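Here's a quick briefing to read with the model open on your screen.

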Amino acid sequence: QVQLVESGGGLVQAGGSLRLSCAASGRSFSSYRMGWFRQAPGKERAFVGAIRWSTGSKYYADSVKGRFTISRDNGKNTVYLQMNSLKPEDTAVYYCAADRDLDGNWDLWGQGTQVTVSS
C-alpha cells in the first residue's frame, strides 16, 4: 500500500526551529514531485513548498521563502521540511503530498502533523 506518513510536529516558541519528515512507503517515490502544505484553523489549505524528487528542484511560497527548506533522502525515501525562524502565524497542520503524474494534481496525502508556534 502506497502511503505517506508525516512526523516531527510539536510546540515551539517563536524564533525556534522544527524539522518535519514525510516517509514514503509502498514504492519508490523517485519519479514524483513531493509537496508540503499547511492548514491553519479556519483557513484553507495552503501550499508551502515542493521538490521534484528526481532533479531536486525546489520552489516555495513567498511566506516561507528564506525560512523553510525542503530536502530529500533517497535511501530513506523521505522528504523533510526544515522550518527556521518560526512565527505564530506558521501554526497549522502540515501535510505532505505527492504529485505522482507530475501534472499539478496532488493525488496522495499524508495524515498531517500539528505545528504550534507560541509567541
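What follows is a look at the chain as a whole, then at two residues in it.

Keep in mind that this is a predicted model. The protein chain has 11 strands and 0 helices. With a radius of gyration of 13 Å, close to the 14 Å that the globule rule gives for 119 residues, the chain is as compact as a globular protein of that length.

**Overall build**
- Reading from the N terminus, you go through β-β-β-β-β-β-β-β-β-β-β.
- The C-alpha trace spans about 40 × 25 × 25 Å along its principal axes.
- If you take the contacts with a separation of 6 or more, 54% of them are between residues 24 or more positions apart.

- Of the 119 residues in the protein chain, 45% are buried.
- The chain exposes about 5900 Å², and carbon and sulfur atoms supply 45% of that.
- As for charge, there are 14 positive and 10 negative ones, and their mean positions sit 6 Å apart.

**Arg33**
- You'll find Arg33 in strand β4, which covers residues 33-39.
- Is Arg33 buried or exposed? Its relative accessible area is 16%, and the cut-off for buried is under 20%, so Arg33 counts as buried.
- Its side chain makes a polar contact with the side chain of Asp99 at 2.6 Å.
- The Arg33 side chain also has a polar contact with the side chain of Tyr59, at 3.5 Å.
- Setting aside residues up to four places away in sequence, Arg33 touches a list of residues that includes Ala50, Ile51 and Arg52.

**Thr78**
- Thr78 belongs to strand β8, residues 78-83.
- Its relative accessibility is 7%, so Thr78 counts as buried too, given the cut-off of under 20%.
- What does the side chain of Thr78 reach at 2.8 Å? That would be the backbone oxygen of Lys76.

Notes
Residues numbered from 1 in each chain as written. Predicted model: local features only at pLDDT ≥ 70, side-chain atom pairs only at ≥ 80, totals over all residues. Heavy atoms only, no water. Helix = DSSP H or I, 4+ residues; strand = E, 2+ residues; numbered from the N terminus. Rg over C-alpha atoms; globule rule 2.2 N^0.38 Å. Buried < 20%, exposed > 50% of the residue type's maximum accessible area, 1.4 Å probe, protein only. Contact = heavy atoms within 4.5 Å. Areas by Shrake-Rupley, 256 points an atom, 1.4 Å probe, with all protein chains shown as cover. Lys, Arg positive; Asp, Glu negative; His and termini not counted. Charge placed at Lys NZ, Arg CZ, Asp CG, Glu CD. Polar contact = N/O pair within 3.5 Å; in protein donor to acceptor, adjacent residues only side chain to side chain.
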